[in-house]
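Welcome! Keep the viewer open as you go.

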Amino acid sequence: MSSPISKSAIDELHTLIPDLKIITPDSPEYEANIDRWFFLSIKRAGAVVFPTSVADTSSILRFTQKHSIPIAAKGGGHGLRGESSTEEGNKIIARGGALWSEVYAEAEKFDLAPVGGICPDVGVGGFVLHGGYGFLSSAHGLGVDNMLEVEVVLADGSVVCASDSENQDLFWAMKGAGGCFGIVTEFVLKGHEQKNEVWTGKMIFPKTTLKVVVEMGNRILERENKGNAVMGHFWGYSTESEEVMLAIIPFYNGPQNEAEEFFAPLLELNPIVNKAKMVPFSQSGDSATVAGKWRKLSVARSMITPMNADFLEERLNEFEEFLQKVPDAREQSIVGFEIMGTRALTSVKQNETAFADRGNHTTVRIIPIYLNEDNYEVCKKWCFEMERKFQMEFEQRQKDPLLDETTRSSTGVYLNYDGFGLSAKTIFGVNYERLVELKKKYDPQNVFKNCVDLL
Ligand SMILES: Cc1cc2nc3c(=O)[nH]c(=O)nc-3n(C[C@H](O)[C@H](O)[C@H](O)COP(=O)(O)OP(=O)(O)OC[C@H]3O[C@@H](n4cnc5c(N)ncnc54)[C@H](O)[C@@H]3O)c2cc1C
């Protein structure tokens, strides 16, 4: 992460006016040049430039409008209303190979946070190009909704920028199917103000509390959530008590008293373990690392809200039966739900970006983890059976005539959680045909077919 104005934009300005002096936040002269007589007028500009001619000034103005960069002109810097300063503070620039842990740590220095992965080891690239559910999604939508600009190397080796004002069709495709169109070398992401700490940490409950936990989840999925709350809900086996337990990761972006009030139904259950506390945003996720010797499989489906507790209780019992039958899979296997408010992500229409799984639903992940390779078939069979049941429930509920249009048109699958290579049509649903046309334009040789084969 560096200047809130992208490196590619700064390079473009250098090319446009080669002898223009440009100072960016990583320059030693930066602090002196954003200084003002009145301290409240000091703002952290994305760049300070020194045009020496009318022509340069005119080119700079055209350039800033093209990139939607706010500007201010400065003389002696004595203005008291901050009128000769400007701030581009709400952008985060990440390089193509960055991890969320790196971006969180850097953004925190500016009291900012992006919509990034709950697991900090996840890469910005795969997450943000194909959807992206994070702790800030209840408030700000998906990762793709928070992508402002990308610098992309296309299949023919050319380097282009894509944004709402440049190569708009490519930008549309990058927001959900990015890995099929090129290699992103730079991401410009929205930075959200994040001055306060957040309340989160693992809680463990007995499986008998499932109904209360499901109700809590439904509360988060529905309108009572003002965008502050998210909840991870996982089923895993306790070798101590020899049964499935519920692990809950509540997340609340606000003060502890508000968080505890919101999550009171869970706290009143007296969790067996409760590690929830206030932490900096950058410390809120979990690396979810399981040592390399374990074999992991993964499938996922969406589940329409409100979640049906009876349906889930049956699935939980089946999970337990599976673990009784395959002891090798007991220690690490999980079934997990990432529950977040859907208002922000459904405020964008299904065909507004290539991502096609928007809706009033949550995602359920089915992840058998085992050691002995002989257990591959039994684990695969179980996770497909489980997935099929969630898929049938989803398809059944999609037929509800009262269901909103966005949920009705959603695929029910999330590319980033697909472990067995679903077809492009299944993943991109209503956006599939437009994507195929754009693929023929931007990558006719199908160089980027590894991610999803669109041709
Ligand atoms: C433990 C774990 C936790 C997770 N948590 C979350 C979560 O909280 N929320 C969520 O939404 N998802 C989550 N995921 C899913 C995750 O978002 C996807 O697996 C994502 O694709 C990972 O991105 P990556 O860059 O780390 O992976 P990679 O395997 O490196 O890449 C995945 C895909 O993205 C492409 N890609 C990566 N970088 C670029 C780039 N710069 N330009 C073009 N293409 C690129 C790759 O070519 C590949 O097709 C999680 C996955 C795991 C295993």
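Before starting, one cut-off is needed: angles between axes that are over 145 degrees count as roughly antiparallel, and those under 35 degrees as roughly parallel. Please also keep in mind that this is a predicted model.

**Exercise 1. Describe how helix 11 and helix 13 lie relative to each other.**

Step 1: Locate the two helices, helix 11 at residues 309-325 and helix 13 at residues 376-398.
Step 2: Take the geometry of the axes, which come within 11 Å and cross at roughly 175°.
Step 3: Apply the cut-off; helix 11 and helix 13 are therefore roughly antiparallel to each other.
Step 4: Look at who makes the contact. Helix 11 contributes Phe311, Arg315, Glu318 and Phe322, while helix 13 contributes Trp382, Met386, Lys389 and Glu393.
Step 5: Sort these residues by class, which gives 4 nonpolar and 4 charged residues, with no polar ones.

**Exercise 2. Work out what surrounds the ligand.**

Step 1: Start with the shell, which has 23 residues; the closest are Ile118, Cys119, Gly123, Gly125 and Gly126.
Step 2: Ask which elements give two or more residues; these are helix 5 (124-130) and strand 7 (183-190).
Step 3: Find the top contributor: helix 5 gives the most, with 5 residues.
Step 4: Class the shell, and you get 13 polar and 10 nonpolar residues, but no charged ones.

**Exercise 3. Sketch the overall layout of the chain.**

Step 1: Divide the chain into domain 1 (1-88), domain 2 (91-193) and domain 3 (198-429).
Step 2: Draw a box around the C-alpha atoms, roughly 80 × 55 × 45 Å along the principal axes.
Step 3: Compare with a compact globule. For 455 residues its radius of gyration would be near 23 Å, and the chain has 24 Å, so the two agree.

**Exercise 4. Track down the backbone features at Pro306 and Glu242.**

Step 1: Go to the loop between strand 16 (299-304) and helix 11, where Pro306 is found. The peptide bond leading from Thr305 to Pro306 is cis, with omega near -5°.
Step 2: Move to the loop between strand 11 (229-238) and strand 12 (243-252), which holds Glu242. Glu242 is not a glycine, yet its phi is positive, at about 55°.

Technical notes: Residues are numbered from 1 along each chain as its sequence is written. This is a predicted model: local features need pLDDT of at least 70, side-chain atom pairs count only at pLDDT 80 or more; totals for chains, interfaces and linings use all residues. Domain bounds come from an automatic or database domain assignment. Axes are lines fitted to C-alpha atoms, for helices over the stretch in contact, and angles run from 0 to 180 degrees between N-to-C directions. Helices (H or I, at least four residues) and strands (E, at least two) are DSSP runs, numbered from the N terminus. Angles under 35 degrees count as roughly parallel, over 145 as roughly antiparallel, 65 to 115 as roughly perpendicular and the rest as oblique. Two residues are in contact if their C-beta atoms, placed from the backbone, lie within 7 Å. Ala, Val, Leu, Ile, Met, Phe, Trp, Tyr, Cys and Pro count as nonpolar, Asp, Glu, Lys and Arg as charged, and the others, Gly among them, as polar. A residue is near a molecule or strand if its C-beta atom, placed from the backbone, lies within 6 Å of it. The radius of gyration is taken over C-alpha atoms; the globule rule is 2.2 Å times the number of residues to the power 0.38.
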